[in-house]
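Colleague: I have not seen this model before. Please take me through the terms used for it and the values behind them.

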Amino acid sequence: MALVLFNTFTRKKEEFIPLEPPYVRMYNCGPTVYDTFHIGNARNFVVVDVIRRYLMYKGYKVKFVQNITDIDDKIIARAQQEGASTEEIARRYTEYYFKYINLLGIMPADENPRATEFIPQMIEFVQKLVQKNSAYVVDGDVFFRIKSYPHYGELSGKKLDDLKKGARVDVDPRKEDPLDFALWKSAKPGEPYWESPWGKGRPGWHIECSVMSMAHLGETLDIHSGGIDLIFPHHENERAQSESLTNKQFVRYWLHNGFLNIESQKMSKSLGNILTIDSILEQYDPEVVRYFLISAHYRHPLDYSQTNLREAKSAWQRLVDSTITTDEIIRLLLKDGSIRESDIAQMNETIEQRLSTFRSQFEQAMDDDFNTAEAIAALFNIVGEINTLRENINQQLKNGHSPEPGKVSYLSALNKLLKELIGVLGFRLPEKPTLSSELTDNLIRILVDIRQKARQQKLFEFADMIRSRLNELGIVLEDHPQGTIWKFKQ
Ligand SMILES: [Zn+2]
């Protein structure tokens with residue numbers, strides 16, 4: 001089945017066809033490093049990570065770029081507030097960012113360009129726009145000329161008149177049009193600056209993303225993603241300036257994830273309900289947070305509440321439990337921890353079919369605009385099958401029968417599939433508290449000692465029972481003058 005995704009630009013689901021398959025050029029707007037990041041930012045990072053992983057699972061060669069905005073009004077404001085340098089603020093929160101995306105199990109980007117490393121390219125970009133009459137200079141500031149780009153407003157689907165009405169407050173009188181936006185800002189006293197043809201100044205936020213994405217991915221990106229709040233003006237402006245420069249389509253598919261609310265309320269500074277990722281990870285395991293963040297479709301709003309997090313916690317635990325138990329059963333049944341040839345021979349067509357049905361349930365969900373909620377439901381179908389099978393095998397063991405080899409193979413294959421798909425969603429399973437070889441050894445030694453005591457007390461029948469029961473499990477005891485050793489039956 002073809003992968004379809006919802007393109008914000010066309011407002012409909014479209015088949016995903018990258019410009020040059022199997023390569024996928026993907027860009028996600030990264031953090032402005034002036035503060036800690038919150039659970040809403042984490043949602044974007046995790047969702048994009050899952051999308052990237054799924055594209056890789058489908059065989060695409062994805063180049064993923066996520067920038068770091070390390071010069072911006074907010075960073076300058078924070079630095080002034082703290083009496084620190086902008087570099088210091090940027091360094092502190094860049095470290096914070098890397099620390100927490102790593103804890104969340106997000107794959108490192110192929111490139112993490114920093115805005116301050118691309119200033120000459122930004123200046124060049126702006127110069128070209130000025131030359132093309134797409135931008136104009138006023139007192140050391142450079143503005144993009146909306147009038148020059150007839151497609152402005154198409155991405156956000158907003159009418160220019162409505163946008164102008166909204167922009168009327170505090171409009172800079174030097175602008176030709178209220179919607180014109182700054183490409184380059186002249187430096188105020190005390191602010192960091194770079195020399196430019198227009199004097200001392202710094203780039204605007206929007207130009208940063210256009211330059212950094214093109215530098216690493218070329219003039220046309222396959223996927224550009226971000227939170228829904230970035231559609232306007234950030235992405236609208238990125239598109240306008242990029243397409244004005246290149247006369248080419250800037251982005252083939254625009255993807256935006258929905259808002260995250262806190263206890264049904266919008267997260268905002270004024271409500272004082274901003275939840276930083278560090279505070280959440282003090283309470284919850286990163287996998288639980290990841291589970292919660294992808295438990296709804298990425299475009300839908302998601303509500304952070306203690307109830308929802310508790311539910312995520314118990315659901316994640318159910319997934320983990322089902323994988324561990326399966327492993328342990330297999331290890332016990334197969335004696336030496338590996339599948340026997342004879343078992344694999346028992347794997348019949350019906351089993352293969354069932355496995356492929358489970359896999360395609362997962363794929364169908366993900367192919368449908370990365371519907372992680374449905375994909376998780378598909379994982380729980382596998383969990384259900386595992387649990388039924390496990391009960392069945394346990395019942396056979398209880399009745400003194402060996403389980404049918406085919407069932408063990410099926411259980412093992414289901415377990416493998418479940419783990420693989422859990423990995424596609426980017427989850428990390430905890431180290432399994434399984435019967436380690438050391439523990440196995442210790443347990444067998446206890447039995448060997450008990451048998452030894454029984455023989456000393458002439459309880460030969462009892463001693464023989466221990467030997468024969470171990471033999472049934474494939475463990476052979478050999479008595480030597482210096483003591484008893486055990487080994488697995490060949
Ligand atoms: Zn951006």
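Colleague: Which residues in helix 4 are buried?

Modeller: In helix 4, the buried residues are Met 122, Ile 123, Phe 125, Val 126, Leu 129 and Val 130. A residue is called buried if 20 or more other C-beta atoms lie within 10 Å of its own, exposed if 12 or fewer, and partly exposed in between, with C-beta atoms placed from the backbone. This is a predicted model, in which local features need pLDDT of at least 70 and side-chain atom pairs count only at pLDDT 80 or more, while totals for chains, interfaces and linings use all residues. Residues are numbered from 1 along each chain as its sequence is written.

Colleague: What makes the buried residues of helix 4 line one face?

Modeller: Seen down the helix axis, the buried residues of helix 4 fall within an arc of 160 degrees, so they line one face. The arc is that of the directions from the helix axis to the C-beta atoms. On the face turned away from the buried side, helix 4 carries the exposed residues Pro 120 and Gln 131.

Colleague: What do the buried residues of helix 4 pack against?

Modeller: They pack against strand 5 (135–138), strand 6, strand 7, strand 8, helix 6 (205–217) and helix 7. Helices (H or I, at least four residues) and strands (E, at least two) are DSSP runs, numbered from the N terminus.

Colleague: How do you know what span is expected of helix 4?

Modeller: The expected span is 1.5 Å times one less than the number of residues. Helix 4 (residues 119–131) has 13 residues and reaches 18 Å from its first C-alpha to its last, close to the 18 Å expected. Just after helix 4, Asn 133 takes a positive phi of about 70 degrees.

Colleague: Why are strand 6 and strand 7 called a pair?

Modeller: Two strands pair if DSSP finds at least two bridges between them. Strand 6 (residues 141–144) and strand 7 (residues 182–186) have 2 bridges, in the antiparallel sense, so they meet that definition. Phe 143 has Ala 182 in strand 7 as its bridge partner. Strand 7 is also joined to strand 8 (residues 201–203) by 3 bridges, and these two run antiparallel. There, Lys 185 stands opposite Arg 202 in strand 8.

Colleague: Why is Phe 370 called buried?

Modeller: Phe 370 has 26 other C-beta atoms within 10 Å, so it counts as buried. Phe 370 is found in the loop between helix 12 (349–367) and helix 13 (372–398). Its phi is near 50 degrees, a positive value in a residue other than glycine.

Colleague: Is Ser 264 buried or exposed?

Modeller: Ser 264 has 9 other C-beta atoms within 10 Å, so it is exposed. Ser 264 lies in the loop between strand 11 (260–262) and strand 12 (265–266). Ser 264 also has a positive phi, about 65 degrees, although it is not a glycine.

Colleague: What makes Gly 423 partly exposed?

Modeller: With 13 other C-beta atoms within 10 Å, Gly 423 is partly exposed. Gly 423 lies in helix 14 (residues 405–424).

Colleague: How many helices and strands does the protein have?

Modeller: The protein has 16 helices and 15 strands. Its radius of gyration is 30 Å, well over the 23 Å that the globule rule gives for 490 residues, so the protein is more spread out than a compact globule. That radius is taken over C-alpha atoms, and the globule rule is 2.2 Å times the number of residues to the power 0.38.

How values were computed
Contact = placed C-beta atoms within 7 Å.
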